[in-house]
Amino acid sequence: SLFRAAQEARGRAYAPYSRFMVGAAVLADDGRIFPGVNVENASYPLSVCAERSAVQRAVSDGAQKLVAVAVRGPGESPTWPCGGCRQVLYEFGPEMIVTSVGDSGNREERPLADLLPDAFRGPATAAT
Ligand code: THU
């Protein structure tokens, strides 16, 4: 159902500039699912990735512990979260599982910790 949410969301992506439509869905520890899409802007750098949209939505609704994220991008091969999104996902689920699926339906799954080794945990922990 996480994949279904990502897939459904993808149809609502706003990507007129890149045409690269992405849907994502995060799963909270209480079972709630929050979808997100990439939301681009005429001022390109203001665009937001689908994964980050989903995280914003989860946290806005009070879910701060995330256990998984599904990503559905275009094309044959799975789309993995960009580096910035990995860091944002890590904030709310350092142990989360990241899954992605391409057109051919081949799912791949990796721990976020593998996609973002030695993640930055903030100045407070670095100082101790
Ligand atoms: N994008 C995502 O939404 N998620 C990803 O995992 C990769 C990239 C978006 C950002 C931009 O709107 C478009 O895809 C092309 O980079």
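Colleague: How far is an oxygen atom of the ligand from a polar backbone atom of tryptophan 80?
Modeller: It is 3.4 Å. Keep in mind that this is a predicted model.
Colleague: And how much of the ligand does the protein bury?
Modeller: The protein buries 78% of the 370 Å² that the ligand exposes when taken alone.
Colleague: What is the distance from a ligand oxygen to the side chain of glutamate 40?
Modeller: An oxygen atom of the ligand sits 2.5 Å from an N or O atom in that side chain. For alanine 50, a polar backbone atom is 2.8 Å from a ligand oxygen.
Colleague: Which residues are around the ligand?
Modeller: Ser18, Phe20, Val22, Asn38, Glu40, Cys49, Ala50, Glu51, Thr79, Trp80, Pro81 and Cys82.
Colleague: How does that shell divide into nonpolar, polar and charged?
Modeller: Seven residues are nonpolar, three are polar and two are charged.
Colleague: Switching to glycine 36. Where is it?
Modeller: Glycine 36 is in strand β2, residues 33-37.
Colleague: Is glycine 36 buried or exposed, and why?
Modeller: Buried, because its relative accessibility is 6%, and the cut-off for buried is under 20%.
Colleague: What does glycine 36 touch?
Modeller: Beyond residues up to four places away in sequence, it touches Ala9, Val22, Gly23, Ala24, Ala50, Ser53 and Ala54. Val22 and Ala50 are also among the residues around the ligand.
Colleague: How far apart are glycine 36 and glutamate 51?
Modeller: They are 15 residues apart in sequence. In space, C-alpha to C-alpha, they are 6.3 Å apart.
Colleague: Now arginine 72. Which strand is it in, and what does its side chain make a polar contact with?
Modeller: Arginine 72 is in strand β3. Its side chain makes a polar contact with the side chain of glutamine 7, at 2.8 Å.
Colleague: Is arginine 72 buried or exposed?
Modeller: Buried, with a relative accessible area of 9%. Setting aside neighbours within four places in sequence, its contacts include Ala6, Arg10, Met21, Val22 and Asp103.
Colleague: Last topic, helix α3. Which of its residues are buried?
Modeller: In α3, residues 83-92, the buried ones are Cys85, Arg86, Leu89 and Tyr90.
Colleague: Why do the buried residues line one face of the helix?
Modeller: Seen down the axis of α3, they fall within an arc of 145 degrees, so they line one face. In general, an α-helix has 3.6 residues a turn, so residues three or four places apart point the same way.
Colleague: What do those buried residues pack against?
Modeller: β1 (23-28), α2 (50-60), β3 (66-72) and α4 (112-115).

Technical notes:
Residues are numbered from 1 along each chain as its sequence is written. This is a predicted model: local features need pLDDT of at least 70, side-chain atom pairs count only at pLDDT 80 or more; totals for chains, interfaces and linings use all residues. Side-chain values use heavy atoms; hydrogens and water are left out. Buried means under 20% relative accessible area, exposed over 50%, partly exposed in between (1.4 Å probe, protein chains only). Helices (H or I, at least four residues) and strands (E, at least two) are DSSP runs, numbered from the N terminus. The arc is that of the directions from the helix axis to the C-beta atoms. Contact means heavy atoms within 4.5 Å. A residue is near a molecule or strand if one of its heavy atoms lies within 4 Å of it. A polar contact is a pair of N or O atoms within 3.5 Å; within protein, one must be able to donate a hydrogen and the other to accept it, and residues adjacent in sequence count only if both atoms are side-chain atoms. Accessible areas come from the Shrake-Rupley method with a 1.4 Å probe; for residues, only the protein chains shown count as cover. Ala, Val, Leu, Ile, Met, Phe, Trp, Tyr, Cys and Pro count as nonpolar, Asp, Glu, Lys and Arg as charged, and the others, Gly among them, as polar.
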